[in-house]
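Here are my notebook entries from an afternoon with this structure. I went through it piece by piece and wrote down what I looked up.

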Amino acid sequence: MSQETAYANKSIFTPFNIIASIIIIAGLIVTVLRFTKGLGTVTNLDNNNPWGIWIGFDLLCGVALAAGGYVTSAACYIFGLKRYHSAVRPAILTAFLGYALVVLALHYDVGRPWRLPYPVFISQGTTSLLFEVGLCVFLYLSVLFIEYSPAALEWLGLKKIRNLIVRLTLVLTIFGVILSTLHQSSLGALFMIAPSKLHPLWYSNYLTVYFFISSMFSGLSMVIFEGSLAHRYFHNKMDETHLKESKDVALGFGKAASFIMMGYVGVKLIGISIDNNWHYLTTGWGAWYLLELIGFAAIPSFMYAIAVREKNLRLVRWAALISVIGVVLNRFNVSLVAFNWQLTSAERYFPSWSEIVISLFVVTIGLVVYRFIVTRMPILHEHPDYQHDN
Amino acid sequence: MDTIFYTLHDFLLHSKSVTYILIGGILIGLMLFWIFLTGRDEKKRTF
């Protein structure tokens, strides 16, 4: 049976399609409300809490979890670890979709989408960190689009332009690493402007370093996590090379993530020590901080190490999942939980249902587009015309 | 019990002293962790 016939015979009413459709319809309704009635109608934001989950989750977590793009391409093309080549395209695609959705989600928070090019082309606020972040995200999204495009061009059969872009791979990878270094750290720096609002355990002069280092293991963990999902749901789309290399990719990336995470724990301890914040660790906030640092950084680091020593693929995948949750928890803590920690509970922020719907809407669009691309374009397999060409 | 600091110098002397000792410990700890992490790697041929 040909692939087309198989598609035609398959019902469109799968559980995934039904749930995704409901979320997308709900998201579109809230979108109309947001852009016609304003932020006040759909969010719980106020003057104390101007940034909610659209920034804390969609933007901060989106950017951190999309770091797999620069980490994987740097490993393969700059450090010459060609045995991880099969992981590059899925990682670049995830990063591209991640950043595209970050920009989409930003529209909801910022409003007036037609003004999006203003900070870059019309009125540059060169002394603002937000300008730096905006410029980097704009440039890196463009770089990721070009890095991803060979897959689409192979699918469309446009050989000449595809070959031209493939020649730019190394330059694009270098751009990607530089731009990621800049804006991953700058997202942490955004919170350095509010030392009195962020709890001392999370506030540090090293916030930029924390955000950058955590983006590295976040990217590696996301590649492993996404690889395990792809292995499960798109197994039939993977060619022999991808299937053969997937274990090496998971164990190799797990090893790197393990060491980086342990270094991250060390740097965080240095941060506590240099500000002499040890006494906060015995408070309730300290318990929450230790849960994040030990439960979602030190323990998965050890899990990775044991898994790599014993070549245990299952344990690597569990460690990746815990690490991904840990990074999300860290970004939530910095931007929401430990932010405005001195306010009374009545003044604290909790997202409204419509904010949560929009976040789910954005993630669902990402999943739907990812599935559309992966089932059609050469992401998890090599195009027959270009094998041994990369 | 919290240490009472009367001057910035006192504070920096205390926090930096603790931090430098901690950094030494972390560096040794990271080396040991690396040995643990790579303990079962296949040895590469160097000839």
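**Entry 1: chain A overall.** I began with burial and found that 43% of the 390 residues in chain A are buried. I kept in mind that this is a predicted model. Next I looked up the secondary structure: chain A has 15 helices and zero strands. I then checked the radius of gyration, and chain A has 21 Å, which agrees with the value near 21 Å for a compact globule of 390 residues. The box around the C-alpha atoms, along the principal axes, is roughly 65 × 55 × 40 Å. I also looked at contacts between residues at least 6 apart in sequence, and in chain A 81% of them join residues at least 24 apart.

**Entry 2: chain B overall.** Buried residues are 9% of the 47 residues in chain B.

**Entry 3: where the chains meet.** How many residues of chain A are in contact with chain B? I found 15 residues of chain A, in contact with 16 residues of chain B. On the chain A side, helix H12 (240-274) and helix H13 (284-310) are the elements that give two or more residues. The largest share, 10 residues, comes from H12(A). Sorted by class, this side of chain A has seven nonpolar, six polar and two charged residues.

**Entry 4: the helix pair.** I looked next at how H12(A) packs with helix H1 (residues 8-37) of chain B, and noted an angle of about 170° with axes 9 Å apart. Because that angle is over 145 degrees, H12(A) is roughly antiparallel to H1(B). From H12(A), the residues that meet H1(B) include Phe259(A), Met262(A), Gly263(A), Gly266(A) and Leu269(A). Among those that H1(B) brings are Leu22(B), Ile26(B), Phe33(B) and Trp34(B). I wrote down the classes for this contact too: 13 nonpolar, six polar and one charged residues.

**Entry 5: Val71(A).** I picked out Val71(A), which is found in helix H5 (residues 68-78) of chain A. Is Val71(A) buried or exposed? Val71(A) counts as buried, because it has 28 C-beta neighbours inside 10 Å, and 20 or more is enough for that. Leaving aside neighbours within four places in sequence, Val71(A) is in contact with Met216(A), Gly219(A) and Leu220(A). I also looked up Val223(A): it is 152 residues from Val71(A) along the chain, and their C-alpha atoms are separated by 9.4 Å.

**Entry 6: helix H15(A).** I tested the length of helix H15 (residues 353-374) of chain A. At 1.5 Å a residue, its 22 residues should span 32 Å, and the end C-alpha atoms are 31 Å apart, which agrees. The buried residues in H15(A) include Ile358(A), Phe361(A), Val362(A) and Tyr370(A). Their cover includes helix H2 (15-37), helix H3 (39-42), helix H4 (53-65) and helix H6 (88-110) of chain A.

**Entry 7: two positive phi values.** Most residues other than glycine have a negative phi. Arg112(A) has a positive phi of about 45°. Arg112(A) lies in the loop between H6 and helix H7 (118-122) of chain A, and is exposed, with 9 other C-beta atoms within 10 Å. Lys311(A) also has a positive phi, near 50°. The place of Lys311(A) is in the loop between H13 and helix H14 (313-337) of chain A. Lys311(A) counts as exposed, with 12 C-beta neighbours inside 10 Å.

Conventions
Residues are numbered from 1 along each chain as its sequence is written. Chains are lettered from A and ligands numbered from 1 in the order in which they are written. This is a predicted model: local features need pLDDT of at least 70, side-chain atom pairs count only at pLDDT 80 or more; totals for chains, interfaces and linings use all residues. Two residues are in contact if their C-beta atoms, placed from the backbone, lie within 7 Å. Helices (H or I, at least four residues) and strands (E, at least two) are DSSP runs, numbered from the N terminus. Ala, Val, Leu, Ile, Met, Phe, Trp, Tyr, Cys and Pro count as nonpolar, Asp, Glu, Lys and Arg as charged, and the others, Gly among them, as polar. Axes are lines fitted to C-alpha atoms, for helices over the stretch in contact, and angles run from 0 to 180 degrees between N-to-C directions. Angles under 35 degrees count as roughly parallel, over 145 as roughly antiparallel, 65 to 115 as roughly perpendicular and the rest as oblique. The expected span of a helix is 1.5 Å times one less than its number of residues. The radius of gyration is taken over C-alpha atoms; the globule rule is 2.2 Å times the number of residues to the power 0.38.
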